[in-house]
Amino acid sequence: MSGEFNLIEKYFVNRQPQRKDVHLAAGDDCALVKAPSNVHIAISTDTLVAGTHFLTNASPSWVAHKALASNISDLAAMGATPAWVSFALTMPEVDEEWLAPFCDSFFKLADYFGIQLIGGDTTKGPLSLTLTVQGFVAEDKALRRDGAKIGDWIYVTGNLGDSKAGLDVILDEANRNKPCATELEERHFMSSPRVLVGQALCGIASSAIDISDGVIADLKHILNRSEVGASIDVSLLPISQELVQFVGSQEAAQQYALTSGEEYELCFTVPEENKGSLESILSHTGTKVTCIGQIRPQEHFELHNNSKPLHWDLNGFDHFKA
């Protein structure tokens, strides 16, 4: 990429205060960092590709938020505290009108969560973003997918389904005439990683996952790893009024809520003995949590509406088609 080092210096270096655990963040072959004692380092890497995860005409500030928020959400699902990020950017050509708002949004979110950019790469090619985030979680306290037990209660954070509706708006201009289209499009990009919730759930939840492929698909990852089943009451799904207005019915909104990907909310399970204290444990997070069902024996998976069985054939989220 022409002017690579000037580009890095202008947009990515000296944008943030130095964390005490970062000894060298730029200017050498590797970053040098030091982790606290008695912690595990949680690491997650994601790639976002133009045309697959976002359209090339999408707002660069929204793209930056989505890229970093999706990685932070992985840390939240493990109960980890974010610390560092490295970022590899591939662009067809230097586009400063795109980079300026992208970087402003990227560093705004990074600073909010105390994350320092410690390195990365720039190169020429089709537009894509690869981020690796790292954080800390106390030894043997990480939330995992394999701890759910029969009788545990199933919870989700926030509202579900808005991201899928926002994607409908992005992919079909005709949907911009529907109610609440603008708000839902923004929600597709501007998720709020549930870091405080994840931290509070350590030692309380038996399992957790972030919702990137739809709650019905992601919950099944917990069920498979934990060798259990589940019963979900769709009448309990947290759904926004904007979503109902957009899709036109409560049932359609429920189906969106089950299959909407890139929500970056958390789905987690809580043993019966911890259910009563959950509200007080999460009170400082300012996040809505909703119980949507219960863990059942393995091979048992059902959807129902107030005990009325449902036979919906639903799949998880599929990314943008190239």
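Is Gln 254 buried or exposed, and what is its relative accessible area? Gln 254 is buried, at a relative accessible area of 5%; buried stands for under 20% relative accessible area, exposed for over 50%, and partly exposed for values in between (1.4 Å probe, protein chains only).

The views below show a predicted model, in which local features need pLDDT of at least 70, side-chain atom pairs count only at pLDDT 80 or more, and totals for chains, interfaces and linings use all residues. Residues are numbered from 1 along each chain as its sequence is written, and side-chain values use heavy atoms, with hydrogens and water left out.

View A. Helices (H or I, at least four residues) and strands (E, at least two) are DSSP runs, numbered from the N terminus. With neighbours within four places in sequence left aside, Gln 254 is in contact with Val 234, Ser 235, Leu 237, Ile 239, Asn 305 and Trp 312. Contact means heavy atoms within 4.5 Å.

**View B. Crossing of helices α4 and α5.** The axes of α4 (residues 162–171) and α5 (residues 181–189) come within 7 Å and cross at roughly 110°. Axes are lines fitted to C-alpha atoms, for helices over the stretch in contact, and angles run from 0 to 180 degrees between N-to-C directions. The two helices are therefore roughly perpendicular to each other (65 to 115 degrees; under 35 counts as roughly parallel, over 145 as roughly antiparallel, the rest as oblique). The crossing of α4 past α5 is left-handed, that is, the near helix is turned anticlockwise from the far one by less than a right angle; clockwise would be right-handed. On α4 the contact is made by Asp 162, Ser 163, Ala 165, Gly 166, Leu 167, Val 169 and Ile 170, and on α5 by Ala 181, Leu 184, Glu 185, Arg 187, His 188 and Phe 189. These residues divide into seven nonpolar, three polar and three charged. Ala, Val, Leu, Ile, Met, Phe, Trp, Tyr, Cys and Pro count as nonpolar, Asp, Glu, Lys and Arg as charged, and the others, Gly among them, as polar.

**View C. Salt bridge between Glu 242 and Arg 187.** The closest N and O atoms of the pair are 3.4 Å apart; a salt bridge is a side-chain nitrogen of Lys or Arg within 4 Å of a carboxyl oxygen of Asp or Glu. Glu 242 lies in helix α8 (residues 241–247) and Arg 187 in α5, so the pair ties together parts that are 55 residues apart in sequence. Glu 242 is partly exposed at 24%, and Arg 187 is partly exposed at 32%. Salt bridges with shared partners join Asp 162, Arg 187 and Glu 242 into one network.

**View D. Two further salt bridges, Asp 21 with Arg 19 and Glu 173 with Arg 176.** The structure holds nine salt bridges. Asp 21 and Arg 19 meet at 2.6 Å, N to O; Asp 21 is buried at 12% relative accessibility, and Arg 19 is partly exposed at 22%. Glu 173 and Arg 176 meet at 3.1 Å, N to O. Glu 173 is exposed at 54%, whereas Arg 176 is partly exposed at 34%.

**View E. Positive phi at Glu 227 and Glu 262.** Most residues other than glycine have a negative phi. Phi of Glu 227 is near 60°; Glu 227 is in the loop between α7 (215–226) and β9 (229–233) and is exposed, at 54% relative accessibility. Glu 262 has a phi of about 50°. Glu 262 sits in the loop between α9 (250–259) and β10 (266–270) and is buried, with a relative accessible area of 2%.
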